[in-house]
Amino acid sequence: MAMPATTATASLAVAAAVPIKAESSAVVKSEGSARHSPGSGAGTTTPPSASASSSRRNSGPRKSPIAKPPKPVVRRISTGKKDGTGEKKVGRRKGPLRPDQRKQASEIRKLRACLRCKFLKKTCDKGEPCGGCQPSHARLWQVPCTRIDIKDIGYFMKDWKADHESHMTSGLSIYSVKGFAAKESLMWITHGYGFALPIMVREVFVTEDSSLAVEWREAPSVNEGSHDFEIRSERLDVGAEGVNSAALSEYLDKHIEGPFEDFIDDHFDGTPFITEILKTAHRYYVKEKMPVIGKALKLVLAYNLTMHITMVENQGSEVQLDSQIEDAESKYYGRTVAPVMVNFQIKYALAEMWRELQKDILEELSSLYSGVYSGEKMKNWPTIFMLASILLAVWEEMQFDCHYRVPDQAAVNKFCTDMETTPVGVIVGLFHAISQKLPAFTEWDTAQHGALLHNNVSVCEAMTEVRQHVIKHEAYLRTRKESASFDPTDFDSLSNKFLSKLVIKAN
């Protein structure tokens, strides 16, 4: 940075001047000793030999036997050239900017400084990449040169609806609905993990019952492949008030505070590394109760339940349903499927909720990184790691679901490219930039490195767990960058594609 270098030069100049003043003061005091002493009488004088000796001793500046000779101070002098080819002056700028400098500063304010120049407080320019992000100047900075703020890097999500639109059957549309019954009744909806969501439902009148079928796919294991199921559901829709967002949020919170790890085991079904990382993040949250970590876990839950089939937990005595799963091959055998229109409304509400959660997490990440480069240094590192890990894990799922559910290959390629070029690069690159003083995850030792993270017990325990996870899956993780490719028969085909970049340091 320019400021520290300038301050050091100024200090050197002052240090070189100080000995001269001190030596001059010593000479004045020595000369005063040759005057008449009040206690020795008016006529008493110093003997000539003593005076000569004193004069010789004080004839020049005395040098300390341990003092080092001052280094010559080299000052850079501005040439006054407006083209900027001259050397910069030492010290802060004095006076107003020149017209060309004002114009450049105004242009950069409109464009925004790139992330590197913003965090490192460097002067940015209009280049793409800017001069500071050129490889010759930023060898250790692996972040794409972008002027997009971290909180805005979710731009690739614009108009993406593959998570919930595909759950609406093609045969059902607003044109199929003729009207709704006035009477509403309470129905309890569940995803099968121990909690139920209260929903008010009403009968819907449609032109054709065949449009009310619910379809879903189950994959018992990678070796067994997947099985498709379909069942006709009831003619019911949510009430006039829709899905209550507060009740839905509470429903998700109960999963986070309760059997979240059971959900991870069941839904991810042993996906390497991600399963362990999400469990570690949850255990860290249980100990620290950080709201932003809770939001990140809620994001994982809301996103995955958007893709999940919904079932009726308790329809009450007033509602009789026939949509019970009778196929023994289904893991939901014996359960009652929620009506297709109720199913869609809940998925849509979940889709809206996880998008807001992702937005909040990106805003929090932006604030945490600003804190790192404003003096807080490693204080925010554990939170940044947890948020980055969870975010990348969800983005990997998004890529798979986009490939799986969107028929337009050009749209799929654009979505994936937009995600990987800048957003993933920013998340991974910034994390590596702030991790330079920390050891690789495989080398973490709490006794040796705990002080770097303020010896926080919860953080150190989490780091020890992550170390074990990385060591266990290191060979697998090192292959994911090149080998991860979409396979519709393997739900884990894109897993750890991004997360491996985060935990495995590049050479």
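How exposed is Glu250, in terms of its relative accessible area? Glu250 is partly exposed, with a relative accessible area of 46%, and this residue takes part in one of the salt bridges described below. The model is a predicted one, and it holds 22 salt bridges. Side chains of opposite charge can pair when their charged atoms come close.

**A salt bridge between separate parts of the chain**

- Lys118 and Asp149 form a salt bridge in which the closest N and O atoms are 2.8 Å apart.
- Because Lys118 belongs to helix H4 (residues 115-120) while Asp149 sits in the loop between H4 and strand S1 (177-190), this pair ties together parts that are 31 residues apart in sequence.
- The two partners can be described by their accessibility: Lys118 is partly exposed, with a relative accessible area of 35%, whereas Asp149, at 10% relative accessibility, counts as buried.
- Asp149 counts as buried because its value of 10% falls under the cut-off of 20% relative accessible area.
- The pair also belongs to a network of salt bridges, in which Lys118, Asp149 and Lys151 are linked.

**Salt bridges within a helix**

- An α-helix has 3.6 residues a turn, so residues three or four places apart point the same way.
- In helix H5 (residues 245-257), Glu250 and Lys254 lie four residues apart, which is about one turn of the helix, and their side chains meet in a salt bridge with an N to O distance of 4.0 Å.

**Helix H8**

- Helix H8 (residues 291-306) is made of 16 residues and reaches 22 Å from its first C-alpha to its last, which is close to the 22 Å expected at 1.5 Å a residue.
- Helix H8 is mostly covered, since 14 of its 16 residues are buried.

Notes. Residues numbered from 1 in each chain as written. Predicted model: local features only at pLDDT ≥ 70, side-chain atom pairs only at ≥ 80, totals over all residues. Heavy atoms only, no water. Helix = DSSP H or I, 4+ residues; strand = E, 2+ residues; numbered from the N terminus. Buried < 20%, exposed > 50% of the residue type's maximum accessible area, 1.4 Å probe, protein only. Expected span 1.5 Å × (residues − 1).
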